[in-house]
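Q: I have a new model open and would like to learn how to read it. Could we go through it together?

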Amino acid sequence: MAILILAEHAEGRLDEATRRTATAARSLNGDIHVLVMAGDAHAETLSQQAASIEGIAHVWCATAPHLEAQLTEDTAAQAQAVLERGGYRYALMSSSYLGKRLMPYLAALRGTDLVTDVTKIETEDTFVRPVYAGSLLVVERLKSAVKLLTVRANAFSPAGVQTAAQAAAPIETVPPLPPKQAVRLVERRSEQSSRPELSRARIVIGCGLGVGKKDMPAVEKLADKLNAAIGVSRAVVEEETASSDYLLGQTGKIIAPELYIALGISGAVQHLAGVKDSKVIVAVNKDPNAPIFQIADYGIVGDVAEVVPELVGLL
Ligand SMILES: Cc1cc2nc3c(=O)[nH]c(=O)nc-3n(C[C@H](O)[C@H](O)[C@H](O)COP(=O)(O)OP(=O)(O)OC[C@H]3O[C@@H](n4cnc5c(N)ncnc54)[C@H](O)[C@@H]3O)c2cc1C
């Protein structure tokens, strides 16, 4: 009984989340296949990248100009056709922006069960997921014959990549479905930034309400020296000094970098839900009783305005 992973990609590069999802899929019993849905320009390279992931037995490639836009209506319909044709028992994707959109849509099309944000696969039908900002873990059992899962990518290590081309999985094309006319992509805008993307950065600096506008030049210098991404708490987003694209936490991005530096962040449970899996946490806060210190590996009780320039001076 095979398992289908829906590949995630951008600009011709397979997202690491797909390799992490492949690791999750290995806890299930069955051959692991990947479905790549992409425009003509990148479909072949993406399929090759998917075929070289360790443990992948087969790659399906659906390519058509309209699949370039990765609209939910088109990709879900395409995935549903492949699910049905292959008689798959599982479909998996990470709990990314794409996964959060596509998988519920696919579950509705397929008329089957979906479990989201899985951090552990206990048995072939039992899955663990955090709730209440990670304060509780829920064990869910899905009874449906076809089970859809979104997995928290950070909870699984990335599957390896085969270097020898002959070891790669076979790639087969599937006929693309015609585009759904209901929705069309008008424009895609991305913010130009020289900094690493938040969910991929090895080092992330989080700024809370304790970071004033006047402190930002020093924070940016620190980020430059560390090649770090900068995220924010929800209080900062609510003040409209940063966009929700940079929000860390339960309602924002969930990250697990090697180092997370929390500046002027109190450490509310909803914020911690997004950063607590960081390997090392450093907190700077002028309040020694701030909850962030309870999960910090290293804490500096002090004013951001003084501590950050000192840190920059040390690097
Ligand atoms: C349903 C729901 C979902 C939520 N989701 C999220 C989420 O996803 N992400 C998120 O972040 N929040 C979320 N929140 C909000 C969360 O509860 C907190 O309100 C928020 O995280 C607080 O942000 P903060 O730590 O920046 O601000 P504050 O709580 O105001 O803390 C500011 C901290 O800065 C310190 N400080 C002040 N000045 C300085 C200085 N000069 N130097 C050093 N330290 C200083 C203070 O001691 C304080 O600890 C959610 C809330 C709800 C109800």
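Q: How many residues does helix H3 have, and what does H3 reach from its first C-alpha to its last?

A: This is a predicted model, in which local features need pLDDT of at least 70, side-chain atom pairs count only at pLDDT 80 or more, and totals for chains, interfaces and linings use all residues. Residues are numbered from 1 along each chain as its sequence is written. Helices are DSSP runs of H or I with at least four residues, strands are runs of E with at least two, and both are numbered from the N terminus. The expected span of a helix is 1.5 Å times one less than its number of residues. H3 (residues 72-86) has 15 residues and reaches 21 Å, close to the 21 Å expected. Just after H3, Gly 87 takes a positive phi of about 60°.

Q: Which residues of H3 are buried?

A: An α-helix has 3.6 residues a turn, so residues three or four places apart point the same way. A residue is buried if 20 or more other C-beta atoms, placed from the backbone, lie within 10 Å of its own. In H3 these are Asp 74, Thr 75, Ala 76, Gln 78, Ala 79 and Leu 83.

Q: What do the buried residues of H3 pack against?

A: Contact means C-beta atoms, placed from the backbone, within 7 Å. The partners are strands E1 (3-6), E4 (32-38), E5 (56-63) and E6 (90-94), and helix H4 (97-110).

Q: And what of the chain as a whole?

A: The chain has nine helices and 17 strands. Buried residues make up 42% of its 315 residues. Among contacts between residues at least 6 apart in sequence, 67% join residues at least 24 apart.

Terms used. Buried ≥ 20, exposed ≤ 12 C-beta atoms within 10 Å, placed from the backbone. Contact = placed C-beta atoms within 7 Å.
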